[in-house]
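Keep the sequence beside the coordinates as you go.

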Amino acid sequence: ILAGAWAGVRRGKFIDYFVLVSSLVVISIPIFVIGSLAQLVFGLRLGWFPVTAGDGSWGALVLPGLVLGALSVAYVARLTRSNLLENQRADYVRTAKAKGMSPSRIVTVHTLRNSLIPVITFIGYDFGALMGGAIVTERIFNINGIGNYVYRSI
């Protein structure tokens, strides 16, 4: 949400293009490729994380959590940015500017508040997609978790 809001406020600047391009790259790559690349880069080459989370420690679950959440973060950032830009053109924002409100107050009270309604709705929908992604992610990282239970129940 913060990345999308920051990109929406700074439209046309470097951070806006960075958030757009990085989220597009993450969305366009399948989750099993992201997981395999994360294992290769952060597990084998750099040695920052274990390649599999077989021991069940919290440190071993960081990389699978980042892989699983990457797609959701990218979608939420893009949705927040687009809703923020749409609400910046609304009449109540123009009225707040005419009243002399500070730009930060306009963004936090008026624009961001109304922009988060569809974002929160999408996060609720995305919970189901996370269950599907958990099936793939848990198989890549050799975790017996809720994704395994979902798979066996089907």
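Start at Asn142, which sits in the loop between α6 and α7 (146–153). Helices here are DSSP runs (H or I, at least four residues), as strands are (E, at least two), and both are numbered from the N terminus. Asn142 is partly exposed, with a relative accessible area of 44%. The scale is simple: buried means under 20% relative accessible area, exposed over 50%, and partly exposed in between (1.4 Å probe, protein chains only). The phi angle of Asn142 is near 60 degrees, a positive value in a residue other than glycine.

A word on provenance. This is a predicted model, in which local features need pLDDT of at least 70 and side-chain atom pairs count only at pLDDT 80 or more, while totals for chains, interfaces and linings use all residues. Residues are numbered from 1 along each chain as its sequence is written, and side-chain values use heavy atoms, with hydrogens and water left out.

How confident is the predictor? pLDDT is its confidence in each residue, from 0 to 100. The protein averages a pLDDT of 84, and 98% of the residues score at least 70. Among the elements, α2 has the highest mean pLDDT (88) and α1 the lowest (78). Where pLDDT is low, the predicted coordinates should not be read in detail.

Now step back into helix α6 (residues 103–140), where Glu138 is found. Glu138 counts as buried, at 10% relative accessibility. Its side chain reaches the backbone nitrogen of Ile146 at 3.3 Å. That is a polar contact: a pair of N or O atoms within 3.5 Å; within protein, one must be able to donate a hydrogen and the other to accept it, and residues adjacent in sequence count only if both atoms are side-chain atoms. Leaving aside neighbours within four places in sequence, Glu138 is in contact (heavy atoms within 4.5 Å) with Ile143, Asn144, Gly145, Ile146, Gly147 and Asn148. Pro64 is 74 residues away along the chain, yet the C-alpha atoms of Glu138 and Pro64 are separated by 7.6 Å.

Ile123 also lies in α6. Ile123 is partly exposed, with a relative accessible area of 37%. Beyond its neighbours within four places in sequence, Ile123 is in contact with Ile1 and Val76. Gln88 is another matter: Ile123 and Gln88 are 35 residues apart in sequence and 22 Å apart in space, C-alpha to C-alpha.

Helix α4 holds Thr80. Thr80 is buried, at a relative accessible area of 0%. A polar atom of the Thr80 side chain lies 2.7 Å from the backbone oxygen of Val76. Outside the four places on either side in sequence, Thr80 is in contact with Ile1, Gly4, Ala5 and Val119.

The arc is that of the directions from the helix axis to the C-beta atoms.

Turn to α2. In α2, Ile15, Asp16, Val19 and Ser23 are buried. They cover an arc of only 105 degrees around the axis, so they sit on the same side of α2. The cover over the buried residues of α2 includes α1 (2–9) and α4. The face of α2 turned away from its buried side carries the exposed residues Phe14, Val21 and Ser28. α2 has 15 residues and reaches 21 Å from its first C-alpha to its last, close to the 21 Å expected at 1.5 Å a residue. The expected span is 1.5 Å times one less than the number of residues.

Which charged side chains pair up? A salt bridge is a side-chain nitrogen of Lys or Arg within 4 Å of a carboxyl oxygen of Asp or Glu. The count comes to 2 salt bridges. One joins the side chains of Asp16 and Arg81 (2.5 Å, N to O). Asp16 lies in helix α2 (residues 14–28) and Arg81 in helix α4 (residues 62–87), so the pair ties together parts that are 65 residues apart in sequence. Both Asp16 and Arg81 are buried.

The side chains of Asp91 and Arg94 also meet in a salt bridge (2.9 Å, N to O). Both lie in helix α5 (residues 91–99), 3 residues apart, about one turn of the helix. Asp91 counts as exposed at 54% relative accessibility, and Arg94 counts as exposed at 52%.

Note on methods. pLDDT is the predictor's confidence in each residue, from 0 to 100.
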